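Take a look at the structure below.

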Amino acid sequence: MTGNQASVRAARRQDLPGLVHLRVHYLGETAHLEPRLPIAADARARTEQILPVWLGQEERVLLVAEGPAPEGVPAPLVGYATGVLDVRPPLLLHQRVGEVLECYVEPPWRGRGVGARLLDVLGEALRGRGAEVVRAAVPVRNEVALERFRRRGFRPLQWIMDRRLDAV
Amino acid sequence: MEGVPIRNARRGDIPSLLLLWTAMMRETAARDPRLALHPRAAEVMAAHLAAWIQDPQRLVVVAEEGGRLVVGFAIGALVPGDGWREPRRMGQITDAYVVAPRRRQGIARRLVGRLLDLLYEKGVDSVRVAVAAQSPEAHAFWASMGWTDLECVLDQAAPPA
């Protein structure tokens, strides 16, 4: 880590409190941008329960980005990313799909390449676990995230469309 | 609206469903090789179809012409949400296809309409479908029925240089 840059590393148990905050921010931001993806009322409590499980899952990669800190002070977490290796039934040629599930950077740290580093490290880790291809589902209203993925070489594969059934 | 009857699929439809599903997937793969079929796809899908026809969480409907020829099908499912966001349960349409000579006759709309009715009856009020990005006609079809883009699935074949 140099100067005021953030560094990316695997998450550790002591990161859990900071990760909970980041994840709730991520879910809240997504809900704000896309009202059709509203955050569940118990999302924080469930995040507190699930993150320790995620840390122990072999198929999952959980990364944090930490900012610089004065000596002796814990570095602040400024972003995180998580993904899993999903081994699918042999319907499509690519069975071993690395899924980027979440990638979030705190707003003051955006535009400094933190998200790109998280995505690169996550993609490398998923490929290291055998992923033939890496995929991510990104809300269409999250233009910042879409652009971040496009810049890392991601290309649209599918549109997820939705419809309310009130009008059936 | 009069037209080709739509009904729930039966075990005897599996060979026809498999032929149509394979044709659909080949059309998709011709537009986008990233969605190419696995060599074992037909065998695996046959087993899926046999299970889905009996699964109350799955809905398989067919359009049958003349009481014997299946010319289209659609498959839906009841699926859990991701747990972090509402809704906790939703509907998903995984497949919808009509053979080329019978398109533009409203058959696909009626297949989808039947699925939506069935999903609504099962208490679902939000339904999603994945549409290949390289199929603008398919996207226009769903959009014409009131479906709107929610997410974009992006794919990275190789790591950035």
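**Between the chains**

Start with one pair: the side chains of A:R135 and B:D155 form a salt bridge, at 3.1 Å from N to O. The term stands for a side-chain nitrogen of Lys or Arg within 4 Å of a carboxyl oxygen of Asp or Glu. The rule finds two salt bridges across the interface of chain B and chain A.

A word on the basis: this is a predicted model, in which local features need pLDDT of at least 70 and side-chain atom pairs count only at pLDDT 80 or more, while totals for chains, interfaces and linings use all residues. Residues are numbered from 1 along each chain as its sequence is written, chains are lettered from A and ligands numbered from 1 in the order in which they are written, and side-chain values use heavy atoms, with hydrogens and water left out.

Now widen the view. Chain B has 53 residues in contact with 51 residues of chain A; contact means heavy atoms within 4.5 Å. About 5,200 Å² is buried between the two chains, and carbon and sulfur atoms give 58% of that area. Buried area is the accessible area (1.4 Å probe) that two parts lose on being put together, summed over both. Three residues, B:W84, B:R85 and B:L154, supply 18% of what chain B buries against chain A, more than any other three.

Polar contacts cross the interface too. The rule finds 28 residue pairs, both partners at pLDDT 80 or more. Such a contact is a pair of N or O atoms within 3.5 Å; within protein, one must be able to donate a hydrogen and the other to accept it, and residues adjacent in sequence count only if both atoms are side-chain atoms.

Which element gives the most to the side of chain B that touches chain A? It is β6(B), with nine residues. Helices (H or I, at least four residues) and strands (E, at least two) are DSSP runs, numbered from the N terminus.

**Within chain A**

Over all chains, a search of the whole structure finds 22 salt bridges. One joins the side chains of A:E29 and A:R110, at 2.9 Å from N to O. This pair links distant parts of the chain, 81 residues apart: A:E29 lies in helix α1, A:R110 in the loop between β4 and α3 (114–128).

The lining of the second largest pocket also draws on α1 (16–33) and β4 (96–105) of chain A, each with at least two residues. β4(A) gives the largest share, six residues.
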